Amino acid sequence: MYNRLKNIIEALIFISLEPVNMEKIKMVLEEFPPEEIEKAAAELFQSYNSNERGTQIIKTGGGYIFSTKPEYDRWIKRFLKIERKNKLSPAAIETLSAIAYHQPITLSEISALRGVDSSHTLKTLLQKKLIRIVGRKKSPGKPLIYRTSDKFLTYFGLNSLEELPTQEEISRILEEEKDFEE
Amino acid sequence: MEVTESYHIRLEVFQGPLDLLLYLIRKQKIDIHDIPIAIITKEYLEYLNQKEKINLNREAEFLYMASLLIYIKSQMLLPREKALEEEEDPRQSLVQRLLYYQKIKGASAILKGKENEEQLRWKRTFLPPMLEREEELNLEEVSLFDLAEAFFSLMKKREKEEFKAIKGKEYTVEEKMKEILAIIRENSYLDFLEYFTQQESLEEALVSFFSLLELIKAKIVIAVQEKLFQSIKVWLTKKISTKGKTDV
């Protein structure tokens, strides 16, 4: 029965196109005790980390999802006839981190933080669904307010906003860059 | 993203005036909290002078920063009646902005690395929704009257929000058509309701609506409604959608 539980969890994650969180799994598997589910899940994820498989189950965006292992990227690209994946422009990443750290935030606040008009970049990020509109600010002109989306978390492999780079990590990278310049 | 890239090439590699300023401060190995304004202003102006032609509209932010630096410099040169510590140091707000910006800049570098790592892990989400496209064939196309009705009822609802946008940016049909197509390419369809609630002003919404009508008339897109009372979705017509699509 234990193996069966592992298999069911695997099937649920396999069929989802978006990360599935543990709560959802427990809700669906109502006839099993929650502790058993967690134990089975942990074992399942462990078994995927072995060298015997090309895929694994990773935790991202607060849930679990199937992904290929990074070392097989070359062959997947060849198979799908994709030379390289589109990457976000430096302006887009900068705008995203301005939003991520200061959300909820308006366009003019973002532009002030970056010192550059960001309306164009913002539109692109909305189109890519990496950010979303959450309402209007009660201030003159009633500007729209933006937040990062769940897709933002998955895109960067984060599980929650708490996993954004910390002040220490940022200071460290700034130091490294300084050393590099010298 | 590629399409917009040319728009973003500003003064070589700098993302904005704060970026340039941060670079100069680092180059001089200066403590951010104690910027020698005279030196930095000189360097900043020299950098701007290297550019023979400056696009005023686009580079205004850089010029604004230059004048801000000169203003601070003049403030610091002027003799004061009161002692300096009683007044606010004119550099203070600039330093604050630079510190905020530096943090964003550092975080961006880390996120860039995470993006690279994450792109090596392929997930099934990238597959285009082939199934949904097949289903599209059985769907009823929404008539123009239905579309107009949906649009007007949406705008009526928004009227109650009582927002008065300040007239500013002007929108063109061409620009909006490009935007609509970009959204469809990105997400394989455009949600009518979602798209029109995102519009900043009535003017923008109107231009967008005309653009959508143009696209439908030219048979580039098709508007369909899966079930009564469900949201209207706009798809590319079959012919065009067979062209390749790449994902984020």
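This briefing describes a predicted model with a chain A and a chain B, taking each chain, their interface and some selected elements in turn. Chain A has 182 residues and chain B has 248. The secondary structure of chain A consists of nine helices and five strands, while that of chain B consists of eleven helices and three strands. Between the chains, 50 residues of chain A are in contact with 47 residues of chain B.

**Chain A overall**

- The elements of chain A, read from the N terminus, follow the order α-α-α-β-β-α-α-β-α-α-β-β-α-α.
- Buried residues make up 28% of chain A.
- Of the contacts in chain A with a separation of 6 or more, 49% are between residues 24 or more positions apart.

**Strands of chain A**

- Strand S5(A) covers residues 144-148 and pairs with strand S3(A), residues 105-106, in the antiparallel sense.
- Two bridges hold this pairing of S3(A) and S5(A), and in it Thr106(A) stands opposite Ile145(A).
- S5(A) is also joined to strand S4(A), residues 131-136, by five bridges, and these two strands run antiparallel.
- Arg132(A) has Arg147(A) of S5(A) as its bridge partner.

**Helices of chain A**

- Helix H5(A) is made of 13 residues, 90-102.
- From its first C-alpha to its last, H5(A) reaches 18 Å, close to the 18 Å expected at 1.5 Å a residue.
- H5(A) is mostly covered, with ten of its 13 residues buried.
- The buried residues of H5(A) include Ala91(A), Ala92(A), Ile93(A), Glu94(A) and Thr95(A).
- Leu96(A), Ser97(A), Ala98(A), Ile99(A) and Ala100(A) are also buried in H5(A).
- Glu23(A) lies in helix H2(A), which spans residues 22-28.
- Glu23(A) counts as exposed because it has 11 C-beta neighbours inside 10 Å, and the cut-off for exposed is 12 or fewer.
- Pro34(A) is eleven residues from Glu23(A) in sequence, and their C-alpha atoms are 9.3 Å apart in space.

**Chain B overall**

- Along the sequence, the pattern of chain B is α-α-α-α-α-α-α-α-β-α-α-β-β-α.
- In chain B, 22% of the residues count as buried.
- Contacts in chain B between residues at least 6 apart in sequence join residues at least 24 apart in 68% of cases.

**The side of chain B that touches chain A**

- The 47 residues of chain B that are in contact with chain A divide into 20 nonpolar, twelve polar and 15 charged.
- Five helices of chain B each supply at least two residues of this side: H1 (2-8), H2 (17-27), H4 (56-77), H5 (92-119) and H8 (173-187).
- H5(B) gives the largest share of this side, 17 residues.

**Packing of H2(B) and H5(B)**

- H2(B) and H5(B) pack with their axes 10 Å apart and at an angle of about 95°.
- H2(B) is therefore roughly perpendicular to H5(B).
- H2(B) brings Leu18(B), Leu21(B) and Leu22(B) to the contact, and H5(B) brings Arg97(B), Leu98(B), Tyr101(B), Gln102(B) and Lys105(B).
- By class, five residues of this contact are nonpolar, one is polar and two are charged.

**Helix H10 of chain B**

- H10(B) has 16 residues, 202-217, and at 1.5 Å a residue these should span 22 Å.
- The end C-alpha atoms of H10(B) are 22 Å apart, which agrees with that span.
- Ala205(B), Val207(B), Ser208(B), Phe209(B), Ser211(B), Leu212(B) and Leu215(B) are the buried residues of H10(B).
- These buried residues pack against helices H7 (144-159), H8 and H9 (192-197) of chain B, and against strands S2 (221-225) and S3 (232-236) of chain B.

**Sheet of chain B**

- Three strands of chain B form an open sheet in the order S1-S3-S2, with antiparallel pairing.
- S1 (190-191) and S2 of chain B are the edge strands, each pairing on one side only.
- S1(B) and S3(B) run antiparallel and are joined by two bridges.
- Asp191(B) has Lys233(B) as its bridge partner in S3(B).

Note on methods:
Residues numbered from 1 in each chain as written. Chains lettered and ligands numbered in written order. Predicted model: local features only at pLDDT ≥ 70, side-chain atom pairs only at ≥ 80, totals over all residues. Helix = DSSP H or I, 4+ residues; strand = E, 2+ residues; numbered from the N terminus. Buried ≥ 20, exposed ≤ 12 C-beta atoms within 10 Å, placed from the backbone. Contact = placed C-beta atoms within 7 Å. Nonpolar A, V, L, I, M, F, W, Y, C, P; charged D, E, K, R; others polar. Expected span 1.5 Å × (residues − 1). Pairing = 2+ DSSP bridges. Axes fitted to C-alpha atoms, helices over the stretch in contact; angles between N-to-C directions. Parallel < 35°, antiparallel > 145°, perpendicular 65-115°, else oblique.
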